[in-house]
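Student: Please walk me through this model, slowly, with the cut-offs spelled out as we go.

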Amino acid sequence: MFISGHQISTYNSLPQNQYVHPLLKEAYKDWRKECKKRNVDLFWFDKNVHTISIGILPGNKIGYCYIHEGIIIIDYYLLLGEDPFFNTKLTLFHELGHCALNKRHTCSKLAIMNPERSSKQLPLYKMSWKFLLDDYFGYESICPEE
Ligand SMILES: [Zn+2]
């Protein structure tokens, strides 16, 4: 019997070639669910990204996607701050926006792809989550300087 080495990735179960840190798993599954709803093709992303984890990032970065290495890192210190689960989720969605959806930063104040948000804004982000998601998957204004 011929067994293909080609991996079929589904949205609901995580691809077997990807390591996802346990604390990011729920958020990452949520993200895939939202992608599925909107028929986002994750084939390229699943082929290229093998690790989604938590680590210590240089400077004041809270998340980073090293696309050439196939690694997404969310900063460890988020876990020690305000609303750690929502903050890591928001940051993970932001990085996945860069790496999987090819998104750039947006200037609008309230957006997943806004690079400058303060932890004070977290409750507002949480309250507006549905709107933020539609904006994230739909149209977004790009910063004029980019
Ligand atoms: Zn960014």
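Student: Which residue in β2 does Tyr19 stand opposite?

Tutor: Tyr19 stands opposite Thr51 in β2. Before going further, note that residue numbers start from 1 along each chain as its sequence is written. The model is predicted, with local features needing a pLDDT of at least 70 and side-chain atom pairs counting only at pLDDT 80 or more, while totals for chains, interfaces and linings use all residues.

Student: What counts as a strand or a helix here?

Tutor: Both are DSSP runs numbered from the N terminus, where helices are H or I runs of at least four residues and strands are E runs of at least two. The chain has 5 helices and 4 strands, and read along the sequence they follow the pattern β-α-α-β-β-β-α-α-α.

Student: In what order do the strands sit in the sheet?

Tutor: The 4 strands make an open sheet in the order β1-β2-β4-β3, with mixed pairing. β1 and β3 (63-66) are at the edges with a single partner strand each, so one side of each has no neighbour in the sheet. Two strands count as paired if DSSP finds at least two bridges between them.

Student: Where does helix α3 pack?

Tutor: Helix α3, residues 84-99, packs on the sheet, touching β3 and β4, and its direction makes about 30° with that of β3. That angle is taken between N-to-C directions on a scale from 0 to 180 degrees, using axes fitted to C-alpha atoms, for helices over the stretch in contact.

Student: Which face of β2 is covered, and which is uncovered?

Tutor: In β2, residues 51-55, Ile52 and Ile54 make up the covered face, whereas Thr51, Ser53 and Gly55 make up the uncovered one.

Student: And why is β4 described as largely enclosed?

Tutor: Because 4 of the 5 residues of β4 are buried, the rest of the structure largely encloses this strand. A residue is buried if 20 or more other C-beta atoms lie within 10 Å of its own, exposed if 12 or fewer do, and partly exposed in between, with C-beta atoms placed from the backbone. Over the chain, 25% of the 146 residues count as buried.

Student: New topic: how many residues are in the largest nonpolar core?

Tutor: It has 25 residues, and those with the most contacts inside it are Leu92, Phe93, Cys99 and Ile112. At least two of its residues come from each of α1 (25-37), β2, β4, α3 and α5 (129-137), and α3 gives the largest share, 5 residues. Such a core is a set of buried Ala, Val, Leu, Ile, Met, Phe, Trp, Tyr and Cys residues joined through C-beta atoms within 7 Å. In soluble globular proteins, nonpolar side chains tend to be buried together.

Student: What is Leu92 in contact with, beyond its neighbours within four places in sequence?

Tutor: With that exclusion, Leu92 is in contact with Leu24, Ala27, Tyr28, Trp31, Gly63 and Ile74, where contact means that the C-beta atoms, placed from the backbone, lie within 7 Å.

Student: What about Leu90 in the helix, buried or exposed?

Tutor: Leu90, which lies in helix α3, counts as buried because it has 24 C-beta neighbours inside 10 Å. Leaving aside neighbours within four places in sequence, Leu90 is in contact with Ile112 and Tyr125. The C-alpha atoms of Leu90 and Trp129, 39 residues apart along the chain, are separated by 9.3 Å.

Student: And where is Leu78?

Tutor: Leu78 is in the loop between β4 and α3, and it is buried as well, since it has 24 C-beta neighbours inside 10 Å. Beyond its neighbours within four places in sequence, Leu78 is in contact with Ile62, Pro84, Asn87, Thr88 and Thr91.

Methods. Contact = placed C-beta atoms within 7 Å.
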